[in-house]
Amino acid sequence: MSLLPELRYPTLPELISSARALAVRHPGLCALRQVGVSREGRPLHLLSVGRAGRAVLVVAGAHANEPAGGPTLLALAERVLHERVLRDGTSWHFLLCADPDGASLHVTPAPRSLLDYHRGFFRPAGPEQPEWSPSVLPPDRLPPETRTLTGVIDELRPYLQVTLHGTDLGGSWVQLTKDIPGLAEPFAKSAAELRIPVEAGASDAAGWPTSGPGVHVMPTGESGVAYPSMPDDARNSTWYHAHRYGGLTAVVEVPMWASDLVDDVAPHPAPAAALRVLAEGLVRDALEVERVLCEALPRLEGVDSPLLRAGRWVLELVPGLAADWINTPPADVSMAYIGSVEAFARRLPLRSAAMLLRVLRATDDRAAPLLERLVVDWSEAFAERFHARWVPLEHQIEHQSRTVVAAALHARVWAA
C-alpha cells in the first residue's frame with residue numbers, strides 16, 4: 001500500500017514526509033538521514049533499508065523535469081521492506097532527490113498534456129546538473145549536490161547505482177556503464193506488459209553497443225562519440241564514480257507520454273537526408289526563440305535566474321548539434337533512431353522557449369506572448385506528430401521498479 005495520498009507526482013516535501021513515515025514504521029530496518037545541503041540551503045536526504053555491507057544506491061531527481069523517479073523510489077523502498085529476498089545480504093539506499101533546488105522550480109503536479117508539462121518546465125543548464133557537472137567543471141567548482149552524491153557513493157561503495165530518469169515523450173530504455181547479463185529479458189517483458197514502447201534507437205545512446213532491445217552499454221574510452229559538439233561526456237559523470245569500487249550504474253528511463261514511433265527497428269530509407277532535414281528544422285526553431293530573447297534581453301538586465309541560464313544554455317547547444325547531424329555519418333540507420341532524433345530536435349527549442357517564457361512572464365515583459373505562441377504550437381505539434389498517449393503513473397512506477405529490481409538481482413550474481 002502506497003504512503004502517497006493519491007497516485008500523482010508528489011512534491012519533494014511529500015516525498016520526505018513519506019520516507020520519514022517509513023522510517024518511523026520500520027525503525028529496525030529503515031533510517032532517514034540528511035547527507036548534504038544544496039546551493040540554496042535545501043537538505044538532501046538518504047533513506048536506507050537494511051544494514052548489510054553489500055549496497056544498492058538508487059538516485060531520484062537528478063533532472064527536475066523527470067518526476068517519476070520520486071514515487072518509484074518510494075515504491076521500491078516499500079517493496080524492499082516487504083520482500084526479504086531483496087534484503088538478503090544487501091542494503092538499499094535511496095537518495096530522495098539529487099537536485100532539490102531544481103525540484104523547487106519544475107512544476108508537474110498532474111499534467112494533462114505536453115502543454116501543461118511545459119508551462120511549468122525547468123531543467124538546469126549542464127554545469128548545474130549534479131550528475132553531469134563533473135563532465136564540464138573542474139573539481140574545485142563542483143556544486144554541493146554533486147559532492148554529496150559522490151560522497152554517498154564513497155561511503156556505500158555500491159555494487160550497483162541506479163539513477164531514475166525519464167523522458168517527456170517516447171519510450172523506455174536503459175543505459176549501463178557496464179553490461180548486466182540477463183537484464184534485457186525482464187526489461188522487455190515489463191515494457192510489453194505495461195504497453196510502454198522500448199526506445200530501440202535512443203538518441204541519448206547513439207552508436208552504443210546493446211545487450212538487447214533498449215538496453216545500451218556505454219562505450220569504452222577508446223570509442224568515439226556520435227555527437228562531438230556536445231560539451232559533456234558520460235564517462236566523466238557521477239555515473240562512473242561507482243567504478244572506483246568495482247560497481248556500475250544503470251540509468252532507467254521511462255516516458256510520461258508514449259510513442260510507437262521510437263520502437264521501429266526497420267531501416268530508414270534515407271537516414272542521412274532525414275538527419276539533415278531535422279538539423280535544419282532544429283536551427284530554424286532555435287532562431288525563432290533566439291530572436292525573441294535578443295529583443296527582450298535589454299529589459300532583462302540584472303536578471304540572473306536559473307531559468308534564464310538554462311534557456312540560453314539550450315540555445316547554445318543547437319549549432320554544434322545540428323552540425324553533428326549533418327557532418328557525421330548516422331550513428332544508427334533505424335526508423336527508431338530517426339524518430340528519437342526528431343523528438344530531440346523538437347524538444348530542445350520547446351524547452352528553451354518554455355523556460356524563457358517563465359522568465360518573461362515574471363517580469364511582465366511585452367515579448368512573452370511571442371514565446372507563448374511558440375510553446376503552445378510546438379507542444380501541440382509534438383504530441384500530434386508522435387501520436388502521444390499518456391502512460392498511467394502507476395505503469396511508469398511499476399516499470400521503473402521492476403527494472404531496478406531486475407538490475408539489482410542480475411548484477412548481484414555477477415558482483416558476488
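Predicted model: local features only at pLDDT ≥ 70, side-chain atom pairs only at ≥ 80, totals over all residues.

User: Why is cysteine 30 called buried?

Analyst: Buried means under 20% relative accessible area, exposed means over 50%, and partly exposed lies in between, with a 1.4 Å probe and protein chains only. Cysteine 30 has a relative accessible area of 4%, so it is buried. Cysteine 97 is likewise buried because its value is 7%.

User: How do you know that the sulfur of cysteine 30 is too far from the closest cysteine sulfur for a bond?

Analyst: A disulfide is a pair of cysteine sulfur atoms within 2.5 Å. The closest cysteine sulfur to that of cysteine 30 belongs to cysteine 97 and is 18 Å away, which is therefore too far for a bond. By this rule the count of disulfides comes to zero.

User: What makes arginine 157 count as exposed?

Analyst: Its relative accessibility is 54%, and so arginine 157 counts as exposed. Arginine 157 lies in the loop between helix H5 (144–156) and strand E5 (160–170), where helices (H or I, at least four residues) and strands (E, at least two) are DSSP runs numbered from the N terminus. Arginine 157 also has a positive phi of about 50° although it is not a glycine. Most residues other than glycine have a negative phi.

User: What makes histidine 387 exposed?

Analyst: With a relative accessible area of 59%, histidine 387 is exposed. Its place is in the loop between helix H10 (368–385) and strand E10 (389–390), and its phi is near 50°, a positive value in a residue other than glycine.

User: How do you know that aspartate 285 has no salt bridge?

Analyst: A salt bridge is a side-chain nitrogen of Lys or Arg within 4 Å of a carboxyl oxygen of Asp or Glu. Lys and Arg count as positive and Asp and Glu as negative, while His and the chain ends are not counted. For aspartate 285, which is buried, the nearest side chain of opposite charge is arginine 284, 4.1 Å away, and aspartate 285 has no salt bridge. Aspartate 285 is found in helix H7 (residues 271–296).

Conventions: Residues numbered from 1 in each chain as written. Heavy atoms only, no water.
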